[in-house]
Amino acid sequence: MPLDEQQDVLTRLIGGPAEPYLRSGRLIRQVGSGGAALPVEGADVVVAAHRLQFAEDYRRSLQEWHAAVAVGGHLIVTVTHAFLYERQMFLPSRRHPDQQRLYSPRMLLDEVEEALIPNSYRVRLLADDDREYDYTTPLDHNARGHGDIVLVLQRIVAPNWPLADRPPTFPALLLGSEPEYAFEPVRTRVERDRGFAPQRILLVKPDHLGDFVISLPALARMRELFADAHITIVVGNWNVDAARETGLFDEVIAFDAFPRNSSENEPDPRGTVAAFHQRLGDRQFDLAVDLRVDPDTRILLRDVRAVRKAGLGTRGQFPFLDIFLPIDFNRGAPDMAHEFRFAPGDFQCQGSAARHGFRIASSADTVERNCAVVWGPYRWLLPGRYIFEPFIEGRDGSADGKVLLDVALDTRRVVEFAFSGGKMPQLPFDVGPDGASFEFRIWTVEGAVSIDLDFFGGRLIRAGGAGVLHQNEYQQLLVELIRLRTMDTGAPTEVYDA
Amino acid sequence: MPEPSAREVLIAPFSNSAIRDWPVAHFRDLIAALIERSGDRFHYALVGTRNQRLAAAEIARPFPSAQVSNLCGKLAWPEVVARLHTCEALIGNNSGLSHLAAQGGTRTMCIFGGSHNRMEWRPQGRHVRVVSRAIGCSPCQLDHKASSPYDKACLRQISPDFVAQAFLDFVNEAPSRKAA
């Protein structure tokens, strides 16, 4: 850099916010316009005045200048201020067409934080230098006075700790290792989705007339989706004519996986597998679908010569399925009443109540305060409607004797019954949307004669609720899944691994 | 700020949950491997939020600013979406940007961690490649990186070199959606 240019740079800094740092050391190096590299370390002060804005690679420039500063020394970077010197927000610069960037103070600091390793420097000064700036200068004239951003960084020795994430909660013994995979080797894999266009489709629908009729929308949808495919359907003999009349299938195969009258003869689809394959002969398919919702016929697909197989259930249940719609095969249960049985061992007792063989017996001889003599079982209940029926018998009836039976949810009593013997009571209650802990208790009542009783546990009944789809809906969902996996997103396929 | 271009590879190194994020150092090594193998074929742009900018700087720091840009916090959302449509490809974690890119037909390479079941949560599409680790503890369903008993081995063990080669194979395979 020519001496007069050097002097001009330093002169501009004198009297400005960076002057104290300029005078902080003896050895001052300046970044020249020629781009010559500075010697590494050694300089007390490195000055890069109006250089960064022309640097194509600002990261490398800042890294080199910073490396040229001795530890404890300072890097002074000045750039022209976009709002003062340029008085514009977008390139190109009117005054320097080869300028790469315009700067605000934040933008300058952004580049520093990006370029330099954290804690290898400290920001000692970031300031606008608008000394003698004439804010009245019209836009069509170059502004007079200083219009710079001044940044001073002090180089420090980076500490020996990195910027860390939150420490792990597990012991170091496990960290850095990885668990063995029980069923296949640990490896990295690459997968992609692939679709396919089945041309030969097998549909299995061996159930009875009503089931076949319910499945017609799903069967029609299959034909709609695969208009040009050859579709074979397997139906019971009783549905052959109905299948042919739909006009949906290229081939109808009669096969009785079930007896014609299932109420008279025990169905055993699994026992027909060999006959089924014999019936199919040498036929091969691109896609075989079991459209029956119940799982008992899925086995028929296992050995079918098909590239892909689809059905309801999970791959865990049916490993041969490529396209599967998981459903809960206990789906009927929510529609039925659930019954839970509790034994005397599920309850605690004290006082006048004691265990005798397979019962808890309570004596009327002891008159006690309000006291729970039997309590339990503390089970968490789902929301719903319940009835608890304690198995309780009064051994010796007394017109005045009584105990109090109650149910508590989360320790709060919700229903009670004064029991004097006789018919077993039923205690109805509701559990709210958050669920609750269920407790049943037998109390002696202060001031009242108790009764001799035997407690044998109880029965908790939960009312059912609608939790199923229609058979037709299950089948149509399966067909739509087939559409997604064949024509839309496709199915995941491993490309390669390492 | 670099203009969008068909040579641009967007790198989305952060999701909203650290347990799903490939290590920062791996992203950095990935870019290094890609530059080593493909020279100046691509320009790499890191995308993310303003809060992710400092962490993204750790990735960008060793590379020429002309070839690797840190755009975290610099793009408005519509600009991000527009860039997804013009770029060559996106490389990201199991994150919203990966899903958005995949849905839009952009070539997407998703580095999928073991916290979630990839069969259920992976970005889908014919232009997607999912890189994952077959590992015994997956899916763990953990929410926090600090909870991982194996220090996220499911992601840590996916090597940058492997991903770099897989990515180059991917982009060399067939014309992109935009070229077709």
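Two strands are taken to pair if DSSP finds at least two bridges between them. Strands (E, at least two residues) and helices (H or I, at least four) are DSSP runs, numbered from the N terminus. By these rules, in chain B, strand S4 (residues 89–93) and strand S5 (residues 108–112) run parallel and are joined by four bridges.

The model described here is predicted, and local features need pLDDT of at least 70, side-chain atom pairs count only at pLDDT 80 or more, and totals for chains, interfaces and linings use all residues. Residues are numbered from 1 along each chain as its sequence is written, chains are lettered from A and ligands numbered from 1 in the order in which they are written, and side-chain values use heavy atoms, with hydrogens and water left out.

The pair S4(B) and S5(B) belongs to an open sheet of eight strands with mixed pairing, in the order S24(A)-S6(A)-S6(B)-S5(B)-S4(B)-S1(B)-S2(B)-S3(B). Strand S24 (491–497) of chain A and strand S3 (68–70) of chain B stand at the edges with a single partner strand each, so one side of each has no neighbour in the sheet. From one strand to the next, the twist averages 20°. Chain A meets chain B in this sheet where S6(A) and S6(B) run antiparallel, joined by six bridges; here A:Val190 stands opposite B:Val131.

Helices of chain B lie across its strands. Axes are lines fitted to C-alpha atoms, for helices over the stretch in contact (heavy atoms within 4.5 Å), and angles run from 0 to 180 degrees between N-to-C directions. Helix H2 (residues 53–60) lies across S2 (43–46) and S3 of chain B, at about 170° to S3(B). Helix H4 (residues 96–103) of chain B lies across S1 (8–12), S4, S5 and S6 (128–134) of that chain, at about 145° to S4(B).

Turning to the interface, 48 residues of chain A are in contact with 48 residues of chain B. The buried area, meaning the accessible area (1.4 Å probe) that two parts lose on being put together, summed over both, is about 3,900 Å² between chain A and chain B, with 47% given by carbon and sulfur atoms. Five salt bridges (a side-chain nitrogen of Lys or Arg within 4 Å of a carboxyl oxygen of Asp or Glu) are counted between the two chains. One of them links B:Arg118 with A:Glu191, whose closest N and O atoms are 2.5 Å apart. On the side of chain A that touches chain B, S6(A) gives the largest share, seven residues.
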